[in-house]
Amino acid sequence: MAKFEINWIIKLFMRLAPKSFLRYVAVKQGLDDRKVKYAMKLFDGVERIDITPLPSRSGRGFIVCLDSKLSLFFYQDGDHFYFDGLEMGEYEKGDVTVFDKLGS
């Protein structure tokens, strides 16, 4: 991993305005900074995140559930997953072992 120096102005920016700093870095890397802003807003105040595999008959994918009330669905498309939509309601706890067998 290459080492690089961070000047004092950037360090100050990181310390005083971390969310703005992340948006700045996003722009520098060619990412729409609104995506960082929206991601931070989505997870702001979330106390619980559960991940559940999709039932096998639904296709390969997973569900991310926020605070047992909002579920985000992701399905596999070749070598990646895509966001398919969301649902709201009361949801059960997820599976904390969902990633245990990765890399085996």
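Predicted model: local features only at pLDDT ≥ 70, side-chain atom pairs only at ≥ 80, totals over all residues.

Residues are numbered from 1 along each chain as its sequence is written, and side-chain values use heavy atoms, with hydrogens and water left out.

Stay on Asp-50, which is buried at 5% relative accessible area (buried is under 20%, exposed over 50%, partly exposed in between, with a 1.4 Å probe and protein chains only). Now show its contacts (heavy atoms within 4.5 Å): leaving aside neighbours within four places in sequence, Asp-50 touches Ile-63, Val-64, Cys-65, Ser-68, Lys-93 and Gly-94.

Next, select Arg-48. Its side chain meets that of Asp-50 in a salt bridge, 2.7 Å from N to O (a side-chain nitrogen of Lys or Arg within 4 Å of a carboxyl oxygen of Asp or Glu). Arg-48 is partly exposed, at 33%.

By this rule there are four salt bridges. Jump to another of them, Glu-90 with Lys-69, whose closest N and O atoms are 2.5 Å apart. Glu-90 lies in the segment after β4 (80-88) and Lys-69 in the loop between β2 (61-66) and β3 (70-77), so the pair ties together parts 21 residues apart in sequence. Glu-90 is exposed at 63%, whereas Lys-69 is partly exposed at 45%.

Last stop: pick Asp-32 and Arg-34, whose side chains form a salt bridge at 2.7 Å, N to O.

Note on methods: Helix = DSSP H or I, 4+ residues; strand = E, 2+ residues; numbered from the N terminus.
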